[in-house]
Amino acid sequence: MVKGESVVRGIILECIREGRPTLADFVDCTGRDAADVMAVTGSMQEEGLIRSLSDRGIGSLTYELTRKGEGLLPPLDESGRKLLSGYGLGSADLTILKTVAVKGEMLQDEIARQLKLPNDETISRLTHLVEKGYLLDRGLFRRILRISEKGRKVVTQAS
Amino acid sequence: MRSGLGIIAGGVGLYMAAMVFIGLYVMRWVRSSTDFILSGRQTSVVVAAFGLASINIAGTATAAVPGLAYKSGWVAVMFNLGWVIAMIAYAFIVPKFARRTGTFSILEWFGVKYGPSTRTVAAIAMIAASIASIMAQFVGTGGIVSGLTGWPQWQGVLVVGLITMIYVVTGGLWATLVTDFYQQILGILFLYLGLPLFLFFRYGSYSAIATQVPAQLLTFPGSMPWTGWLYPTVLGFVVMNAGFQWAGQAYWSRFTSVRTEKGAIWAALLAGIVVLPFCFLYPLAGIYARAVNPGISNPDAVFGWLMSQMSPVLAAGMLISIFAASQSTADAYVLAATTVFLRDIYQRFIRQDATSEELVAPSRVITAVVGLVSLGLALFYPYGAVYGIALITTFVIPLVPILLASMWWPGATKEGATIAALVCFLLGLYWGVFTPLWQTTAHTMYVLLITSTVLLVGISLVVNHITGPWWGTKRPAHTKEVGING
């Protein structure tokens, strides 16, 4: 499905809010070519919605929201706010954690299939959850995920 | 003798069947173009490291390194040690950045930074460089099969090319990584363990044979200069390897396929460690051969002579390892060319709106076309393989300054990058392919690195401070010229 600029913008804002603020996250979540995504981040910067952490190096590929940008995002309900401020996670992340907690261990592809998430968006979310320590991964070839103690606490407390 | 050849041929046949089986097995793991090109970004550190190492441990080293050690001594370690040094430096510069870009190809990143003109020029060059490399590996490995079976060379090339294509077309990067992993295990078993044990038990300890070779061969760097404008020099080995790695698509896609950014760095470091013993093994074999048989007239035949002294089982294992090394380098470049075709040409100009899932079939078709073109060239123009390294030097090395500037210099412009790339491609062909200047004046890599840097910086300064953009707008990546269907 073709995603227009407004859709891409919405996804980028949501990604940053949920702690997935890099160009790689945006590319995976939008399914678009990096040059297209960067064109959108460029215009969003010019409009003062987001800003990159630096004009060079790795910081130039990492973004944060401005107040104006935050204002464009739909408000979260109480549980969504708690999840975001307490753990830096979105509701889809919590669903992933719950699913993995129930299953014990899951392949990356299985998670995408079971939750009907786009393959590439799942990659971005899982990488974020592993880097934050909520999931542990192993597997020589295919990525096998299981929940960590930290992740289990989130599932218990957020439920 | 006949039974020995039978064991060797049987081993190679079994190995080829295993490669095809792996390709067919991992086919089920491919559901999207991200799976096909980047193994769904699921690559573990160990598998990525082995994949990186396999690009370096190529069959061409089998002829070159023992022969160099036979003639020049321990300085031959630089053939692969240059790669290790460049890779360790690279680990701290590019992998994390590459992973964070989210791009499939290095040229997609050039598209982000410099816009479509640089991306298109570099894409054409990268495809040419990849096809030249695939062709060289097909011809080299086909020659091994031909020598083993007595078939004409074209039959060896055909078998190697078709088997490589089957597993890459079916499994993409997944098949490449899984086969590379097992190919490396074979290499570790036979080359890392089998070769030194054979040398020790057959000919005695190193200290015993060291007395039988000229003393200069045992010093470093022996008669080879540390630096200089011509090749080879000690520094030249490092610069050449850095040039191939840093802007090489085969390396870039390994890093963007790793699970996490930290994993990308660790993969590069581990790859350096995996290759390190290899740096010393082939030179050791060359020095042993010099001590035992100082009358070999063709240095390229040194390793072949050593293999003729081995038991059939060890020789079979060694041959399969060499075969695997060549094939793993070829498959990396088949996929590199496919990625560039798919992402930088097909997806940009033909099916911009295709989803990742819809791109699986085109990915396979493009892989088959790339493989067939390379195979056709290897079959009908095998002598062209000698230009492989010259073409890679011409088309990849000028991109290194363009990549580094894209990361750290916001002032770098599309005009500087595009013109630097174009001029260097033409200059490289003139300097390194059509004239002998690379042998008499200065090696092509130095000429291209300097020219690319000077043009990129000079033109960018002129554009930024004097003239303004020469075409398009100032910041291609941040404007709508790339086109978003909003």
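Start in chain B with the loop between helix 10 (206-210) and helix 11 (234-246), and select Pro221(B), which is found there. Helices here are DSSP runs of H or I with at least four residues, strands are runs of E with at least two, and both are numbered from the N terminus. This is a predicted model, in which local features need pLDDT of at least 70, side-chain atom pairs count only at pLDDT 80 or more, and totals for chains, interfaces and linings use all residues. Residues are numbered from 1 along each chain as its sequence is written, chains are lettered from A in the order in which they are written, and side-chain values use heavy atoms, with hydrogens and water left out.

The bond between Tyr231(B) and Pro232(B) is cis, and omega is about 5°. Most residues other than glycine have a negative phi, and most peptide bonds are trans.

Switch to chain A and pick Lys116(A), in the loop between helix 7 and helix 8 of chain A. Phi of Lys116(A) is near 55°, a positive value in a residue other than glycine.

Next, show the sheet of chain A. Its 3 strands form an open sheet in the order 3-5-4, with antiparallel pairing; two strands pair if DSSP finds at least two bridges between them. Strand 3 (105-107) and strand 4 (135-138) of chain A stand at the edges with a single partner strand each, so one side of each has no neighbour in the sheet. On average, neighbouring strands of this sheet are turned by 30° against each other, direction ignored.

Select strand 5 (residues 144-147) of chain A; 3 bridges join strand 3 of chain A to strand 5, and the two run antiparallel. Which residue in strand 5 of chain A is the bridge partner of Glu105(A)? The partner is Arg146(A). Arg146(A) is also the bridge partner of Leu136(A). Strand 4 and strand 5 of chain A pair in the antiparallel sense over 4 bridges. These two strands form a hairpin with 5 residues between them, and Gly139(A) in the turn has a positive phi of about 110°.

Helix 7 (residues 108-115) of chain A lies across strand 3 and strand 5 of chain A, running at about 90° to strand 3. Helix 8 (residues 119-131) of chain A packs on the sheet, touching strand 4 and strand 5, and its direction makes about 105° with that of strand 4. Axes are lines fitted to C-alpha atoms, for helices over the stretch in contact, and angles run from 0 to 180 degrees between N-to-C directions. Contact means heavy atoms within 4.5 Å.

Finish at the interface, with both chains shown. The contact takes 48 residues from chain B and 43 residues from chain A. Chain B and chain A bury about 4000 Å² between them, 56% of it on carbon and sulfur atoms; buried area is the accessible area (1.4 Å probe) that two parts lose on being put together, summed over both.

Select Arg41(B) and Asp28(A), whose side chains meet in a salt bridge (3.2 Å, N to O).

Definitions and conventions. A salt bridge is a side-chain nitrogen of Lys or Arg within 4 Å of a carboxyl oxygen of Asp or Glu.
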